[in-house]
Amino acid sequence: MKISKIHSVVFSPCGGTLNMAGAITRNLKSITHDLTRPSERKGKLSFDKDDLVFFAFPVYGGRVPTGSAEIFDQLNGRGTPAVLAAVYGNREYEGALIELEKLSVQRGFKPVAAVAAIAEHSIEPEVAAGRPDASDQQALADFGRKIYDRLTSQPDLDSFNFEAPGFVPDRPAAPSDVFRPSTDQDKCSDCGLCVPVCPTAAISGDRRHATSEDCIGCMACLKVCPESARVLTHPKVPEVKAWLKSITGERKEVQTFF
Ligand SMILES: Cc1cc2nc3c(=O)[nH]c(=O)nc-3n(C[C@H](O)[C@H](O)[C@H](O)COP(=O)(O)O)c2cc1C
């Protein structure tokens, strides 16, 4: 079949998923639609039968982040082949690919393959530090090329019988308030950088930079703050970080599914 245009549709608060999408399409000419921030979500995107779309989303609590369904509501496929990419911090991806499959099918896409890949853990950067590394990037670029070659060597999508792997975990999908940052008023210089990077517009624009319940705990504001004034103060944070480090010692590799 003919593929006229290749697209990546990406949600990536801290940049790891965007990096991954770039690695997957390294050997393909593609257009990136980074839909992470409200300012970037400017209306519907429609794709045709002869487009190929890579969906790249991070894993939060073994699922896709809260708000992913609203992002998919802006997308329309017309039997468009899709490749699903779940990016996670070396713990587990659990139900993320299944959720991506469901969301994309509902919007008219036909998933044909998937990949689960590892990036630095945005809550505890010591976990999966330096990932994706050169070997991850090579595996991802090979995967992107392989799925393109498979598609273009087939007359249509009939021979693709993809089913997403994993299981949806039996725990609440809602973000935990453990990971809701606040602003240390003594350190904040009111530069305002944290406000536009928030994917859910949860940070107030005034001097206090208070965080609303819309926060999904993505850590983008912590990463961007030049004064380290965005902080996690919940008493459970040290325990969760220690737990994450204790269970992620073994390196996981890029996994591909056709
Ligand atoms: C709230 C939250 C929950 C997360 N849950 C998981 C998880 O269940 N499994 C895992 O391996 N990594 C988990 N991670 C790590 C992210 O999936 C990983 O850091 C990813 O690269 C973040 O994408 P980004 O850099 O594009 O924002 C979580 C990160 C956050 C912020």
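## The ligand and its pocket

The lining of the largest pocket is made up of 27 nonpolar, 14 polar and seven charged residues (Ala, Val, Leu, Ile, Met, Phe, Trp, Tyr, Cys and Pro count as nonpolar, Asp, Glu, Lys and Arg as charged, and the others, Gly among them, as polar). Please keep in mind that this is a predicted model, where local features need pLDDT of at least 70, side-chain atom pairs count only at pLDDT 80 or more, and totals for chains, interfaces and linings use all residues. Residues are numbered from 1 along each chain as its sequence is written, and side-chain values use heavy atoms, with hydrogens and water left out.

The space taken by the ligand is this largest pocket (a molecule sits in a pocket if more than half of its atoms lie within 2 Å of its grid points). A pocket here is an open set of points on a 1 Å grid over the protein atoms alone, where a 1.4 Å probe fits, with protein on both sides within 12 Å along at least five of seven lines; lining residues have an atom within 4 Å of a point.

Around the ligand itself stand 24 residues, and the closest are Ser 12, Gly 16, Thr 17, Val 59 and Glu 120 (near means a heavy atom within 4 Å). By class, this shell has 10 nonpolar, 11 polar and three charged residues.

| Residue | Protein atom | Distance |
|---|---|---|
| Ser 12 | polar side-chain atom | 2.6 Å |
| Pro 13 | backbone N or O atom | 3.4 Å |
| Ser 122 | backbone N or O atom | 2.8 Å |

Key:
A polar contact is a pair of N or O atoms within 3.5 Å; within protein, one must be able to donate a hydrogen and the other to accept it, and residues adjacent in sequence count only if both atoms are side-chain atoms.
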